[in-house]
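Subject: Structure handover

Hi,

Here is the structure for your files. My notes come after it.

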Amino acid sequence: MKIGTYQRLKAIKFLDFGVYLLEELTQEEVLLPKRYVPEGLEMGAMLEVFLYTDSEDRPVATTLKPKAILGEVAALEVVSVSERGCYLDLGIAKDIFMPCKNPYSFHEGQKVVVRLDLDKEKRLIARIGVKNYLQNAPVTLRLFTEVEILPFEWSTLGYGCMVNGRYFGMLFNNETFEKLPLGEARKGYIKAVRPDGKIDLSLRKSQGAGGLKEELEKLMKALQSAGGRLELHYDSDPDEISKITGLSKKGFKRALGEAIRSQKVELVAGKGIKQIL
């Protein structure tokens with residue numbers, strides 16, 4: 001029986017404090033505590049459980065579904081910090097330990113992207129530094145395809161991201177106009193796939209019709225939130241534009257031009273723009 005994985009085991013012994021389950025090939029037994037025993041479970045029935053170790057490092061089973069299993073990468077929330085590392089919420093009764101050199105650089109409630117692994121004692125732990133475990137993307141991957149991106153690190157170049165749970169991608173600073181929380185998944189788009197299998201990402205679908213439509217939607221949403229008026233124009237400060245609309249200045253100018261052409265907004269001299277109702 002392998003810690004950190006799902007197993008289908010046979011119920012063989014019912015006790016006051018739980019049920020013992022059997023792995024028939026190896027004849028190993030593991031306890032499923034009473035609070036996790038499904039109602040109506042019968043002797044000899046097969047049951048899928050998740051295996052981990054308790055506070056005394058004994059194998060134990062649960063019917064709770066963890067947020068990740070052995071070998072997977074996931075964003076988990078910090079629940080406590082100690083001198084040796086952090087404890088993260090795995091979604092089961094026992095939090096998972098993440099050893100690290102600078103634990104107090106993390107804080108409770110923060111999400112950390114980790115890979116689940118086993119330590120020397122075969123206990124399930126979380127490891128930071130997931131980049132080396134991600135695959136290179138095939139160069140045949142279609143451009144402008146929508147993907148799920150999970151930012152897990154930041155550098156002066158931009159955000160390192162996990163793409164669709166398996167590939168490494170880079171969201172460069174010139175493609176972002178706001179600070180992205182690490183560990184929070186969002187949608188993105190494939191801008192390019194390099195020969196080495198690394199992906200260049202964008203938060204916009206493309207520079208074409210799809211991208212312009214998204215920019216226009218953001219502008220109109222900002223206008224509606226502000227009651228139909230914004231003190232923005234073609235010469236507004238880029239930081240102010242980004243703060244109010246979430247757009248770059250270039251994207252804002254494209255969206256504003258399209259909004260004026262389609263008679264959705266009008267320029268108000270000295271006052272910005274106004275939505276046409």
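Below are notes on ring contacts and on a cavity.

This is a predicted model: local features need pLDDT of at least 70, side-chain atom pairs count only at pLDDT 80 or more, and totals for chains, interfaces and linings use all residues. Residues are numbered from 1 along each chain as its sequence is written, and side-chain values use heavy atoms, with hydrogens and water left out.

Aromatic pairs: there are three. Rings of Phe, Tyr and Trp (its six-membered ring) pair if their centres lie within 6.5 Å; planes under 30 degrees apart are stacked, over 60 edge-to-face, the rest tilted. Tyr-6 and Phe-50 are edge-to-face, with centres 5.8 Å apart and planes at 65 degrees. That pair links distant parts of the chain, 44 residues apart. Phe-50 is buried at 0% relative accessibility, while Tyr-6 is partly exposed at 29%. (Buried is under 20% relative accessible area, exposed over 50%, partly exposed in between, with a 1.4 Å probe and protein chains only.) Tyr-87 and Phe-97 form a tilted pair: 5.0 Å centre to centre, 50 degrees between planes.

Charges over rings: NZ of Lys or CZ of Arg must be within 6 Å of the ring centre and within 35 degrees of the ring normal. Arg-115 sits over Tyr-133, 3.9 Å from the ring centre. Lys-13 sits over Tyr-20 at 5.4 Å.

Cavity: the structure holds one of 30 Å³ or more. (On a 1 Å grid over the protein atoms alone, a cavity is a set of points where a 1.4 Å probe fits but cannot get out; points join across faces, edges and corners, and volume is the space filled by probe spheres set on them.) The largest cavity has a volume of about 100 Å³.

Best wishes

Notes
1 Å grid on protein atoms, 1.4 Å probe; cavity = no way out; pocket = protein on both sides within 12 Å on 5 of 7 lines; lining within 4 Å. Helix = DSSP H or I, 4+ residues; strand = E, 2+ residues; numbered from the N terminus.
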